[in-house]
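Hi,

Here is the structure I promised to pass on. Please open it first, then read my notes below.

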Amino acid sequence: MRKSEPSWASRSRNSTGGRWLRLAAATVAVALFGAILTGGGQPPSGATSLPADPPVAGQRAICFPPAQGAKPKTFAAGGIVIWSDAPVNGRELVAHLQKVRRHLRSAVAATQPATASMPADNDRRPVALAVYRTRRDYLRLWKRVGAHYRGRFGAIAAEGYSYRVFCATSYDSPEAFAKRRPVICHEFAHVWLYQTHGLRNDGNWLTEAMANAAQLHFFPDSGDRADFLRWMDAGKMIPLKRLMSMPRIASSDYWQAATLGELLLLRYRDKLPAVIQAFNRGDSAYAIVTKVLKTDLATFERQWADHVRRSARPATTRPR
Ligand SMILES: [Zn+2]
């Protein structure tokens, strides 16, 4: 989930390196330290008070209501579906999302059953992405999603967004859409984790760690690792225990969450399914670190700092 988003446009690589670096530094700084400009209020998330997620056909009807004459194209393959009224290269995008899904699956390979609140066949349900030709239609979707869950979303400023089984973005122009690819990867990861592992998509540290780490894996230029290190050294990242105890992290903490997700993948990959289970049970940060990861908070914090430091170095000098 992204509550507010810097301009992804200026994060993509420009032909003039120096200019790009300045732009990237400026926009990543916005990403890390930028204030949340709009309130993106979420519908109530208590499982008991929420209506069930719609079946796929119902989800499609919410995304593109037939009564409004919507006739989106469908692109589908291997558990991924894209509905779009925009001139997207749907086959290419489906193929990319299949790669993202393979990456996520390998990260949490020892799949555990989803939580009891999830329908039993959710792991067979495709992950669906809606791509709207215009931003106006993209924003209208969230009103319908809010109505379905009997809640109300506040203003959504992000260029891509996800909630439970819904994820969407807008096309607007070929250039704008090209720059939204990291966002699509990020939101797709949230929905996949929710559908397959029951991991809530409410801005909690674990779903943001996984989604931001996946985004950095597929779009390394979307973040600046030298900045991550500078921010850590300047004390602008927060103790992991605090990060992992927040019901919802701020978008300014997303890159820290990304590096935390990377650490989990690098050192604790075999324990990730158990981490998700423990998180879903409501275990504390302390319990997850000590009982699941079987280490202590000081060691975990040091491992994370080492990872941030090491990954900020150019690849050629990185120890193998
Ligand atoms: Zn997110």
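What share of the 320 residues of the chain count as buried? The value is 40%. Keep in mind that this is a predicted model.

First, the overall picture. The chain has 13 helices and five strands. Take the contacts with a separation of 6 or more: residues 24 or more positions apart account for 71% of them.

Next, strand β3, residues 127-132. Six of its six residues are buried. Val-127, Leu-129 and Val-131 point one way. Ala-128, Ala-130 and Tyr-132 point the other way. In a regular strand, side chains alternate between the two faces of the sheet.

β3 has these pairings. Strand β2 (residues 80-84) runs parallel to β3, joined by five bridges. Ser-84 has Val-131 of β3 as its bridge partner. Strand β5 (residues 166-170) also pairs with β3 in the parallel sense, over four bridges. There, Tyr-132 is partnered by Ser-170 of β5.

Last, a helix pair. Helix α10 (residues 254-267) packs against helix α13 (residues 297-312) at an angle of about 105°. Their axes are 10 Å apart. Angles of 65 to 115 degrees count as roughly perpendicular, so α10 and α13 are roughly perpendicular to each other. From α10, the contact uses Thr-259, Leu-260, Glu-262, Leu-263, Leu-266 and Arg-267. From α13, it uses Gln-303, Trp-304, His-307 and Val-308. By class, the contact of α10 with α13 has five nonpolar, three polar and two charged residues.

Best wishes

Methods. Residues numbered from 1 in each chain as written. Predicted model: local features only at pLDDT ≥ 70, side-chain atom pairs only at ≥ 80, totals over all residues. Buried ≥ 20, exposed ≤ 12 C-beta atoms within 10 Å, placed from the backbone. Helix = DSSP H or I, 4+ residues; strand = E, 2+ residues; numbered from the N terminus. Pairing = 2+ DSSP bridges. Contact = placed C-beta atoms within 7 Å. Axes fitted to C-alpha atoms, helices over the stretch in contact; angles between N-to-C directions. Parallel < 35°, antiparallel > 145°, perpendicular 65-115°, else oblique. Nonpolar A, V, L, I, M, F, W, Y, C, P; charged D, E, K, R; others polar.
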